[in-house]
Amino acid sequence: MAPRILIVGKIVWADEDVKQLLGPIAEVITYDSPTRADFLQGFKPNGKYDGVVGIFRDNTSADHIGFFDKEIIDGFSSSVKWIAHNGAGYDQIDVHACIAKGITLSNTPGAVDDASATTALYLLISTVRQYAITERSLREGKWKPKGHSSRSHDLTGRTLAILGLGGIGLRLAELAHAFPMRIIYHSRNKVPNAPEWCEYFPKVEDMLAEADVLSVHVPLRADTVGLVGEKWIRKLKKGSIIINTARGKVIDEDAMIRALEDGHLASVGLDVYPNEPEVNPRLLDFPNITLLPHMGTETQDTQRKMEVRALTNLKDFITLGKGKDVVVEMK
Ligand SMILES: O=CC(=O)O
């Protein structure tokens, strides 16, 4: 009998790839559970998902069955051995519950780098030049806001600090280097493949003190919740800017809003929020910030790349017993 693969979410762009990659080697079924209870029931003996060995998962499934938390992971039949998450960030999956149950988790690093870094670059340009407020002014029939250039700067020569120089941070560094901006970064360790114009700061405080713009690129984990808090925000120069395309909870939102209110921060550019799709209404009152509804990877090219990457991990698991993109906690 062909091994069963369960799609938990939706394959949107890679329908043909599913047939090519998994068609010859697996039976592919798609979940149809409207609720968490129905989903869990499916893994009981003789349930509709019984015998599944690998799962493709994306974040849209959370709308119906919630996160892959301990209850869900513990509820899987013992046949489940691999979860291929379709996304770079896997904060909706309890990695420790997976480890305890002997399930390998993979994600889609690399596939998201261009699109996510482009989103960060857009927020960087929009906030430094203060473009968002000008579009609003035009739409209100007022043409340019008065004295606009006093709020707007060139990117050339300014300092971009990157917190977390992984694939997305590195791609943003390359894009911003073109102005050129001065690029500095802090990661837990010096990144061996960082270009020589990318300056490493072993101490985050030293990096923050030099930054005109801080761009956040760290994953959400228990130890990164509120990482960018009051103390770090106040280490930034007065009039600096924060960009966040990582996860909302990595920044202490109250501390960030206080710094916007008292003018310590000139602006922020946000693609992510602590409780998506909710957006703190206090943010909507700032005309000088740029807000996007989690657009990081929202292109058909990137979404197809991500789907193919997740499906390839499942194919490699079935044919080789391993996959390329096992998450760092399991390496
Ligand atoms: O936010 C998008 C992702 O984690 O891939």
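**Figure 1. The second largest cavity in this predicted model has a volume of about 30 Å³.** Ser126, Thr127, Gln130, Tyr131, Ala132, Ile133, Ser267, Pro287, Asn288, Ile289 and Thr290 make up the lining of this second largest cavity. Two elements, helix H6 (113-129) and helix H7 (131-139), each give two or more residues to that lining. H7 supplies the largest share, with three residues. Sort the lining of the second largest cavity by class and you get five nonpolar residues and six polar ones, with no charged residues.

**Figure 2. Here is the largest cavity, with about 50 Å³ of space inside.** The structure holds two cavities of 30 Å³ or more. Lining the largest cavity are Asn244, Gly248, Ile251, Glu253 and Met256, along with Leu270, Val272, Tyr273 and Pro274. Six of the lining residues of the largest cavity are nonpolar, two are polar and one is charged.

Figure 3. Start with the backbone: a polar backbone atom of Ala88 sits 2.8 Å from an oxygen atom of the ligand. Next, Gly89 brings a backbone N or O atom to 2.7 Å from a ligand oxygen. Arg247 takes part through its side chain, where an N or O atom is 2.8 Å from an oxygen atom of the ligand. On its own the ligand has 190 Å² of accessible area, and the protein covers 85% of that.

**Figure 4. Phe179 and Pro180 are joined by a cis peptide bond.** Omega for this bond is about 0°. To find Pro180, look in the loop between helix H8 (167-177) and strand S7 (182-186).

**Figure 5. Another cis peptide bond joins Glu276 and Pro277.** For the Glu276 and Pro277 bond, omega is about 5°. Pro277 has its place in the loop between strand S11 (265-270) and helix H12 (281-284).

**Figure 6. Trp143 has a positive phi, although it is not a glycine.** The phi value of Trp143 is about 55°.

Figure 7. Over residues 15-327, the chain is 37% helix and 15% strand. The end C-alpha atoms of residues 15-327 are 25 Å apart.

**Figure 8. UniProt lists residues 122-296 as "domain: D-isomer specific 2-hydroxyacid dehydrogenase NAD-binding".** Again, the record behind this label is an unreviewed entry. How far apart are the end C-alpha atoms of residues 122-296? They lie 10 Å apart. As for secondary structure, residues 122-296 are 31% helix and 17% strand.

Conventions: Residues numbered from 1 in each chain as written. Predicted model: local features only at pLDDT ≥ 70, side-chain atom pairs only at ≥ 80, totals over all residues. Heavy atoms only, no water. 1 Å grid on protein atoms, 1.4 Å probe; cavity = no way out; pocket = protein on both sides within 12 Å on 5 of 7 lines; lining within 4 Å. Points joined across faces, edges and corners; volume = space filled by probe spheres on them. Nonpolar A, V, L, I, M, F, W, Y, C, P; charged D, E, K, R; others polar. Helix = DSSP H or I, 4+ residues; strand = E, 2+ residues; numbered from the N terminus. Polar contact = N/O pair within 3.5 Å; in protein donor to acceptor, adjacent residues only side chain to side chain. Areas by Shrake-Rupley, 256 points an atom, 1.4 Å probe, with all protein chains shown as cover. UniProt positions renumbered as here; feature names shortened; annotations may be inferred.
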